[in-house]
Amino acid sequence: MTQQGYVATPPFSQSQPGIGGYHSGFGPAPSHLLYGHYGETSPAFSPPPQGTHKQIAPAWPPAPHGLPVSTQNQFDASSLPNGSSSPPVHQPRPSYTAASSTSYMHPPQPSYQNSATATATQQLTNQMGAMHIGPGAFQNSHLPPNVGQSALPPTSPQQIRGPSMPPIPQGPQMNLSSPPIGSGMGGLPSTPTVGLQPRFPDPGLPNSGFPPSPGQVGPHGFPQQTGAFGGQMSGLQPNFPGSVPGGLAQMSGPQQKKLDPDSVPSVTQVIEDDKMKRAGQIFITNLRGQVPPLVTTDCVIQDQGNTSPRFIRCTTYCFPCTADLAKQCQVPLAAIIKPLAKVAQNENPLYVVDHGESGPIRCNRCKAYMCPFMQFIDGGRRYQCGFCSCVNEVPSFYFQHLDHIGRRVDVLERPELSLGSYEFIANLDYCKNNTPPKPPAFIFMIDVSYNNIKSGLVKLVCNELKLLLNKLPREDNAEKSVIKVGFVTYNKILHFYNVKSNLAQPQMMVVPDVTEMFVPLLDGFLVDFHESQTVIINLLDNIPDMFADTDEGETVFAPVVQAGMEALKAAECSGKLFIFQSSIPTAEAPGKLKNRDDRKLVNTEKEKILFQPLKGIYESLAKECVANSCCVDLFLFPNQYADVATLGSIPLYTGGSIYKYSNFQINSDGDHFLSDLRKDVTKSIGFDATMRVRTNTGFRATDFFGAIYMNNTTDVEMAAIDCDKTVTVEFKHDDKLSEDTGALFQCALLYTTVGGQRRLRIHNLSLNCSSQLADLYKSCETDALVNFFAKSAYKAILTQPIKTVREILVNQTAHMLACYKKCCASPSAVTQLILPDTMKVLPVYMNCLLKSSVLVGNTEIATDERAYQKQLVLSMDVAESQAFFYPRIIPLHNMDVNSDLLPTSVRCSEERLTNGGIYLLENGRNMFIWLGLASPPEIIQGIFNVPSFAHINSEVTTLPVIDNPYSRKLRSVIDTVSHQRPYSMKLTLVKQKDKAEVSFRQFLVEDKGLYGGASYMDFLCHVYKEIRQLLT
Ligand SMILES: [Zn+2]
């Protein structure tokens, strides 16, 4: 297998196969602009020599067409519907590419462009002539949204009706113009009329059992976008005069009419469309390359040979066959893997397979684990590895006869042969020092310096732990948790506690010298909570009083981590430290930090320094923690700069989490923190974990993002990994992939369970491969793409100027969309912006990413907050990143109090909020209730128990519990939303026109950014311009 990748070729500096003239289109292309890689120094791609490409024979017989697809939940082996045919997971779909690409390339093309009325065309031409969007304007547009935006009057149905288009009630024409931005903003050549027309791929797939892909909305999907939106959305009053400051009033001139925002692709509409099509259905993973429902759509997953999308989602489920094609389209090939994800209650938990003392059966060459991709041959005596094609002997204990189509007759009785995900019991070979692991430990390390005592935090933590220690995670079906617990308090010095069960009182042991950290006691430090309950409760009762009079303001940090790690090491177990830190560690000790928050660096080449952790002890400490399976969770309560970039590096590299509660107030933040703490302590978790992704010949995993540590280029190490932690893996070609074989990969996670068992969790996924880029675009998942782009960009800012990273993101967005238009859309007017259906909301998401706190480059945003958000995003799954970048806004004023369903969301724009409305906004980290000035009094009464808007106290962070339908419904909405998110959200009330509205408005991501960044409309115009330059 060649190890050479193609990554390093500067993509915009030379002509691309199939797409000419890209160089000029991207303006000044920095010489280190690297496709998706932001500056790695990999060798340039050289194509594999002709003739050396190894053809892999299909490892399984092709399955017949029309495989029955069950809609019943049926996991017992006897009723698996594919019992009589070959394993469906392997089924190539021979007619898929040809059939769909034919029709895909030449769908009926209604001539939107030419159908516009002459008047409208003239209007747009005038406006486009005035369009000036230079890079400066794009970064720093200073116009309010909508100024000068214009729209065509609705075109009459017959004019826009193509050969097969039904009548369309509203003008679907997305004629895209730009706000005239003031002179001096950079020149754009006068642009003719623009038609923005999302394209829809061929909806009909030859395989009848294949569910429609997300975004495939039927043969005439277009009207659903424009026609249904707005008209059917309750509570949506897009042009409410009062809601857009100066919006309509400032329209300049009679000819300029407002471009209908409903005519540009909408995230909420895409989400709703997918729910309409796929919610409540069973998604069966029996076919290769299936695109799962969107992450926002509730459905039941049934594993029939490929892993569930709860564990792995991909940026595309169809990889291009060659590196050249991948380079041409620049669509990242990545998997977002959440190995320990929770399985829904109505889905089967993973089976545990035991192959006995010799351990799981693995391929001799590539070490892949037994899985449905292994092809048994030679009467069942040997099997060919689906990844490396090596032929292996079947161990005698594992031998089984084959049936008439070459399948083992026991295939349905063995999870590892029929399912995408399962676990193996690991034998001693997989244990440190060949000895079984000891039960893990949790060590609670509480900063008892002045700030934490004064704020009441110490007392809060101690009281909560008394309850929480009863709820430590345990093995399924186990009576109690076997996790050991230990306690440390600290300020400038550390205090260890002996809480052995036979003691009458806990004993404190002080370690005043923090330069040479050691653990003063072994016996009695890590104990079973139930055995030592009395002593521990006694300790937790006493800690707040013991330090009540402290005036110690300084703290240490690195010695605390060191102490916890040494304690775990001495006890020879893995575990997690819960550190409750008040401030930047300034006391004289290893790892002492000072304020290096230099905002003058923002928007300079040196801005990256703000995000780089200080090296030295923090780096070596993180490494040592990983080596000793010591995960660190940091709860931070800073009143000022705390160098999150450095402190956070320890959780980041050890698979831990960071929580930040700036200016912590017990009344307003206490519940929020406690809720986070409860979720964090009780969530399911694995320890001492190593993850490896194996692929079949032709591609390989090249880059990894997450709360992880990597000692080499293949093994992802995590001191611990919980059920929410996600690792994003990028793939690159190192050879050709074949359409017959597809792209197969296997993610294996070796870890220790909370019960102290060593296990291997295996996830297998098979993707399609195609030499037609149209197939790739059709199988993309925008939410996963955004997850990848966010992580790769946030990682890149450590080494590159943020401006460069932003440019790369914009360029790549334009490039991906331009390539689609060039290679996949039928020749149409050059002026049309044609978006692949699966990516039609990619521009809005990319714009959200560009103006996120991390990338926006604004000195008003606290450095710590940016570092914090960067770290959060790095281990997010797809659902989290989707909501984080495009918050959900749920209208509450017209909710059906008798329905269990959540009201349909509205778009993230101020235009969508009405004076008379009440809305809940959430992004997984923050939650707001926004109250319009004219909110209905009866709802205000119902929710807040006050007579009017003016009486609402916006300081509160919880809602009163009142027995009426409004209160019940709203609290149920909040519960539902909170339940969907892994972290707790602090509730903030925002009254329209209040000062606090500013912090709320930064979440209205379709509008111009509060701290800079373009509106969605402006960004779309900019991307459109970039695409046109690429294509001319
Ligand atoms: Zn192999």
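Predicted model: local features only at pLDDT ≥ 70, side-chain atom pairs only at ≥ 80, totals over all residues.
Trainee: How many residues apart are C363 and C388, the pair that links distant parts of the chain?

Mentor: C363 is buried, with a relative accessible area of 1%, and C388 also counts as buried, at 9% relative accessibility. C363 lies in the loop between β8 (352–353) and β9 (375–377), whereas C388 lies in the loop between β10 (382–384) and β11 (391–393).

Trainee: Over which rings does the charged end of R408 sit?

Mentor: The charged end of R408 sits 4.7 Å from the centre of one ring, that of F376. The charged end of R408 also sits over a ring whose centre is 4.3 Å away, that of Y398. The rings asked for are those of F376 and Y398.

Trainee: Why is the pair of F637 and F664 called edge-to-face?

Mentor: A pair of aromatic rings is described by the distance of the centres and the angle of the planes. Planes over 60 degrees apart count as edge-to-face. The rings of F637 and F664 have their centres 5.2 Å apart, and the pair is edge-to-face because the planes stand at 80°.

Trainee: Which parts of the chain does the pair of F637 and F664 tie together?

Mentor: F637 is buried, with a relative accessible area of 4%, and F664 counts as buried at 6%. The two residues are 27 residues apart in sequence, so their pair ties together separate parts of the chain. These parts are the loop between β19 (630–636) and α17 (644–647), which holds F637, and the loop between β20 (658–660) and α19 (666–682), which holds F664.

Trainee: Which residues form one aromatic cluster with F637 and F664?

Mentor: The count of aromatic pairs comes to 38. F637 and F664 belong to one aromatic cluster, and the other residues in this cluster are F580, F635, Y659, Y661, F673 and Y983.

Trainee: Is helix α21 buried or exposed, going by its residues?

Mentor: Helix α21 (residues 782–796) has 15 residues and reaches 20 Å from its first C-alpha to its last, close to the 21 Å expected at 1.5 Å a residue. Because 14 of its 15 residues are buried, α21 is largely enclosed by the rest of the structure. In terms of its residues, then, α21 is largely buried.

Trainee: With which strands does β21 pair?

Mentor: Strand β21 (residues 685–695) is mostly covered, with nine of its eleven residues buried. Six antiparallel bridges join β21 to β24 (residues 716–722), where the bridge partner of I685 is D722. Seven bridges, again in the antiparallel sense, pair β21 with β26 (residues 743–752), where M691 has L749 as its bridge partner. The strands asked for are β24 and β26.

Trainee: Where does K993, which has a positive phi, lie?

Mentor: K993 has a positive phi of about 75° although it is not a glycine. At 62% relative accessibility, K993 counts as exposed, because this value is over 50%. Its place in the chain is the loop between β31 (986–991) and α29 (997–1001).

Key:
Residues numbered from 1 in each chain as written. Heavy atoms only, no water. Helix = DSSP H or I, 4+ residues; strand = E, 2+ residues; numbered from the N terminus. Buried < 20%, exposed > 50% of the residue type's maximum accessible area, 1.4 Å probe, protein only. Expected span 1.5 Å × (residues − 1). Phe/Tyr/Trp six-rings, centres within 6.5 Å; stacked < 30°, edge-to-face > 60°. Lys NZ or Arg CZ within 6 Å of the ring centre and 35° of its normal. Pairing = 2+ DSSP bridges.
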